[in-house]
Each structure stands twice: as C-alpha cells, then as structure tokens.
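I opened my notebook to look around a protein, one topic at a time. Come along and check each entry against the picture.

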Amino acid sequence: MKLKKILTATLALSITVAPAIGMAKVPADLSAHGHSHEHAAQASTYVDSLPKAKEYAPDKGPAKIEKSTSVVELNEKGKVVNKTVTKSNLPKDTSKKAKAQATRTVTVLAVADEEYRAAYGDWQSRVQQIVENADNAFTRDHGIDFQVKAVGNWTSQGGNSSQILSDLSRDWSGYNYDFVVGFTRDVNFEAGGIAYVYSSDPGTAFSVNLDQGVTNTSKAAQHEFSHNYGLGHDPQGSGIRCVMNYDYSYSVDYWHPEHNTQIQNNKYWYGM
C-alpha cells in the first residue's frame, strides 16, 4: 500500500470529515462495535460502521441486472480508459416488470483499491455484481434502481476505516454520480463497511465496504447505502429484524416500518 499524508482522525471520541462533508462525530471506537447510535441530532453528518460478518457466506450466482447499462472505467486520475456494456440478464417479461417496478434511478461510481484489484482480475464485473445485489431490496420495496455507470481504480490511504472513507471522499469528490462506493482489502480497514449518514441531500454519497465475498459484501453494501439515506442503527438485542440491526445485517434484506418510511421520505435526495 502506498503511503501519503492524510488528515489525522481519532475514532475514540470524534473525527473531522472532509471539508465538503462538514463535521461529524463518532463517540466510540468503531472497532469495538459497541458505541451508541443516538448521535444523529448532534451533527448534520456523521460516520457509522458495520462489523465484519461472523461467518463466510458462499456466492449465490450472478446478480439480477434489471437494465443494460453503458459503463466507463476510470483510472486514478478520473480519466476514461475503457468502455463496456453491462447487459440485462433477466428474461424479457421479468426485465419489463423490473423496469416498471423501478420508479427512480440512481447512478453509482464503484471504485476498487489496489489490494482489491490485485485479488480479482474480474474486479470490474465483481463490484457491479455486488451493487446489483445490494439494490434488490431497494427496487423491491422502494422502486429505487442502482445503476453502476462507472468503475474506478483507487489507491486507498488511511490508518483505519474512517480515514479510508475520508480518503475516498477526497479522491472522488466532484464526479457527477449519486453514490461513490469503495471496495477494499486494505489491512487497515477494520470494519465490514462504513458510510456517511446524512440528514439532507449531500449531492454525492460515500461509503466503503470490505471484501467479504460477494454475498456478505452485498449485504454490507445495502446496509451502507441505507446509511447514505439517513438511516441509523437499531439496538442490538432488541429483536428488531432489520438490515440496520447488527444482529441481522448479514441475514435479512429488509427494513422495519420506520426505516421504510425514512427511505421513502429521503429517496428524492438522489437520482431521478
């Protein structure tokens, strides 16, 4: 991993988020995964993380791709180096139904760091598959279709998950996508995923997911995209079966009613 100067951040009490994002607070060590999530009112934007999955989950085959999409590949300077087409893999009738179900389309730039790219020669299609898996519940329950319009080469920098997220937002700010999602195998990334939790339309939303195989990473990505829509966590041990509850984040793909309402209220932050 290449080294460069980075903003100093501490996860013990608080962090300073990239200037374009504003100030954010994290009241406890993310690696402990025991911090309180009752801090949404303390800051307009904050950072929240998801622990790693306890068990490996096998891949479940190709993701459902609702609509054929042209995809560009960007180098680390944001220059286009390749163009491909990701084709819908659904039968015609099913594809038409899926398109009709999706009433809102959001655009995604999915970037992979140097460790991730070194591990997977097919990283471009792999990250697209993960995003397509993660959007199944958003399409089913809220009519939101996540479309990967670009994939990018990224060099992740940072001493922990929060700093790597901040690095992503610095490196990829200013691009015309609704979501920028990073995929990493950086040894310093200690969480399963991490994202900014917004209280209003941020323009572009940022999150990073650790490589945990396609299935678990897809679950983490759904969780982190949910944070981007303003959702917080449900209390562990509460019995609330929801993707925002650590106890169920890797085993269910749905939200409880209050979170469904929140997504419906905030879905217009992104896309068209």
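**Helix 6.** I began with helix 6, residues 213-228, which has 16 residues. From its first C-alpha to its last it reaches 22 Å, close to the 22 Å expected at 1.5 Å a residue; the expected span is 1.5 Å times one less than the number of residues. Helices (H or I, at least four residues) and strands (E, at least two) are DSSP runs, numbered from the N terminus. I then looked up burial, where buried means under 20% relative accessible area, exposed over 50% and partly exposed in between, with a 1.4 Å probe and protein chains only. Just after helix 6, I found G230 with a positive phi of about 95 degrees.

**Ground rules.** I noted that this is a predicted model, where local features need pLDDT of at least 70 and side-chain atom pairs count only at pLDDT 80 or more, while totals for chains, interfaces and linings use all residues. Residues are numbered from 1 along each chain as its sequence is written, and side-chain values use heavy atoms, leaving out hydrogens and water.

**The whole protein.** I counted seven helices and ten strands. Buried residues make up 57% of the 272 residues.

**The core.** A nonpolar core is a set of buried Ala, Val, Leu, Ile, Met, Phe, Trp, Tyr and Cys residues joined through side-chain atoms within 4.5 Å. Which members of the largest one touch the most others? Of its 54 residues, they are F146, W172, F179, F225, Y229 and W255. I followed F225: leaving aside residues up to four places away in sequence, it touches V131, A134, F138, F146, F179, V181 and S207. Contact here means heavy atoms within 4.5 Å.

**T184.** I found T184 in strand 8, residues 179-184. Is T184 buried or exposed? T184 is buried, with a relative accessible area of 0%. Its contacts, not counting residues up to four places away in sequence, are D113, Y116, S156, F189, V208, N209, L210 and D211.
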